[in-house]
Amino acid sequence: MAEGQTKILNNWNGEMTEMSSFLPAVAEELLRDVKKAYQETSQIPDDLLLALKFVFGPSALQALDLVDQRSVTCLSSPSGRTVFQVVGGSGRLYACYTSCHYCPCPAFAFSVLRKNDSLLCKHILAAYLCQAMGLSQQEAVTNQQMSDILSGKAGRGT
Ligand SMILES: [Zn+2]
């Protein structure tokens, strides 16, 4: 499994130039609307909630739950890498790469990569939403910690 993940990452990193956007325009626009509405009113209006559900399916509500529970942390290292760490429902930590649209969770592997019937898993969507709403917690990590996280070695910290 680790091998497959590395392969995907390598492929995607190799295609950096073409992946300015993995999301359809409608999804990007929706996230922009969420951002704007949240900045103005500190909440997401019902029509945008419905749109989120329509575009992202059931993961939309699960992602909003993750946002509510402050499950998303933006980790950054001195080397300039950033990664979103999302605590999943089971308490497992997932390192999500919004820049290359990848999450190591089973739902991402199955629904997004294999079946192609979801745009995102709830973890990546939660990271996008947190970014849009300005709610992600920031945490600085060392380069070593970052490489442990990226290689999946990091357990739960302190
Ligand atoms: Zn995921």
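1. Two residues are in contact if their C-beta atoms, placed from the backbone, lie within 7 Å.

2. A word on provenance. This is a predicted model, in which local features need pLDDT of at least 70 and side-chain atom pairs count only at pLDDT 80 or more, while totals for chains, interfaces and linings use all residues. Residues are numbered from 1 along each chain as its sequence is written.

3. Now the overall layout. The chain has 7 helices and 4 strands, where helices (H or I, at least four residues) and strands (E, at least two) are DSSP runs numbered from the N terminus. Their order along the sequence is α-α-α-α-β-β-β-α-α-β-α. Of the 158 residues in the chain, 27% are buried; a buried residue has 20 or more other C-beta atoms within 10 Å of its own, an exposed one has 12 or fewer, and a partly exposed one falls in between, with C-beta atoms placed from the backbone.

4. Helix α2 (residues 25-41) passes a simple length check. Its 17 residues should span 24 Å at 1.5 Å a residue, and this agrees with its end C-alpha atoms, which are 24 Å apart. The expected span is 1.5 Å times one less than the number of residues.

5. Which residues of α2 are buried? They are Leu-30, Leu-31 and Val-34. These residues cover an arc of only 100° around the axis, which puts them on the same side of α2; the arc is that of the directions from the helix axis to the C-beta atoms. As background, an α-helix has 3.6 residues a turn, so residues three or four places apart point the same way. On the face of α2 turned away from the buried side you will find the exposed residues Ala-25, Arg-32, Lys-36, Gln-39 and Glu-40.

6. What do the buried residues of α2 pack against? Their partners are α3 (46-56) and α6 (122-133). For the α6 side, Leu-31, Val-34, Lys-35 and Tyr-38 in α2 meet Tyr-128, Leu-129, Ala-132 and Met-133 in α6.

7. The geometry of that pair is worth a look. The axes of α2 and α6 come within 8 Å and cross at roughly 40°; axes are lines fitted to C-alpha atoms, for helices over the stretch in contact, and angles run from 0 to 180 degrees between N-to-C directions. The two helices are therefore oblique to each other, given that angles under 35 degrees count as roughly parallel, over 145 as roughly antiparallel, 65 to 115 as roughly perpendicular and the rest as oblique.

8. Two backbone angles deserve a check. Most residues other than glycine have a negative phi. Ser-42, in the loop between α2 and α3, has a positive phi near 60°, and it counts as exposed because it has 8 C-beta neighbours inside 10 Å. Arg-70, in the loop between α4 (59-68) and β1 (72-76), has a positive phi of about 55° although it is not a glycine. Arg-70 is exposed, with 12 other C-beta atoms within 10 Å.

9. Finally, Leu-23 lies in the loop between α1 (2-14) and α2. This residue is partly exposed, with 17 other C-beta atoms within 10 Å. Not counting residues up to four places away in sequence, Leu-23 touches Glu-28 and Leu-119. Leu-23 and Leu-119 are 96 residues apart in sequence, yet 7.3 Å apart in space, C-alpha to C-alpha.
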